[in-house]
Amino acid sequence: MRWSLPSILLIIVTGSLVTVMVHGGEVFNKVVIDPGHGGKDPGSIGFGLVEKELTLDIAKRIEKLLVGKGIEVEMTRREDVYVELADRSAVAANSPDTILLSLHFNAHADRSISGTETLYWPGSEKGRELASYVQSELGRRLVTRNRGFRPERLKVLELAPVTGILVECGFLTNRWECQRCGAEWFRQIVAEEIVQGLLRYREAGQ
Ligand SMILES: [Zn+2]
């Protein structure tokens with residue numbers, strides 16, 4: 001099929017309208033990064049990998065990338081320590097223009113299940129938008145199953161007084177995906193994709 005100029009223009013116009021309507025964005029200046037689990041709470045464990053270690057690693061990669069872009073970062077933990085959910089959320093309080101990014105890896109009794117997904121607090125329109133931006137970047141450079149974004153009643157999101165999302169970066173119970181999660185190159189690309197999603201959301205708010 002040959003595309004005529006008017007039809008291409010129409011697609012461009014329609015596409016940008018949809019973008020404006022659905023994705024409002026938000027100009028944040030600070031990101032609170034929450035590496036899931038820690039200390040006495042290891043999180044999921046699969047094939048020798050421990051979730052709390054992977055979340056901290058990926059959080060530090062994201063921090064480095066964001067700081068490089070001139071965005072302030074605060075971490076809910078920097079070491080292998082246990083932090084209550086309420087204390088994690090509280091880090092984002094009293095801090096204007098802030099978003100919360102909680103990082104996790106997944107597990108399932110069905111070991112065939114794999115992929116990434118992003119969760120937001122039910123009813124949070126900004127949370128839904130942020131989740132859609134980040135999830136649409138995940139898997140752009142990596143062949144990984146896109147499990148989409150959806151609302152979920154998660155305590156850490158409920159207690160946070162700012163726009164927040166929780167990214168599940170992969171299933172440690174899936175042998176193939178767990179191997180990738182254990183590789184530095186994989187975690188680096190996931191970190192870059194998440195940052196790309198955050199920055200696109202920020203740009204949309206300007
Ligand atoms: Zn977790």
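1. Some ground rules come before the details. Residues are counted from 1 along each chain as its sequence is written. Because the model is predicted, local features need pLDDT of at least 70, side-chain atom pairs count only at pLDDT 80 or more, and totals for chains, interfaces and linings use all residues.

2. Start with the open sheet, whose six strands run in the order E4-E1-E5-E8-E6-E7 with mixed pairing. Strands (E, at least two residues) and helices (H or I, at least four) are DSSP runs numbered from the N terminus, and two strands pair if DSSP finds at least two bridges between them. At the edges, strand E4 (72-75) and strand E7 (146-151) each pair on one side only.

3. Now look at strand E1 (residues 30-35), which pairs with E4 in the parallel sense over four bridges. Here Lys 30 stands opposite Glu 72 in E4.

4. Next, find helix H4 (residues 125-137) and helix H7 (residues 184-204): their axes come within 8 Å and cross at roughly 140°. Axes are lines fitted to C-alpha atoms, for helices over the stretch in contact, with angles from 0 to 180 degrees between N-to-C directions. Residues are in contact if their C-beta atoms, placed from the backbone, lie within 7 Å. The H4 side of this contact includes Tyr 133 and Val 134, and the H7 side includes Ile 194 and Leu 198.

5. Leaving aside neighbours within four places in sequence, its contacts include Thr 118, Ile 165 and Val 167.

Key:
Two residues are in contact if their C-beta atoms, placed from the backbone, lie within 7 Å.
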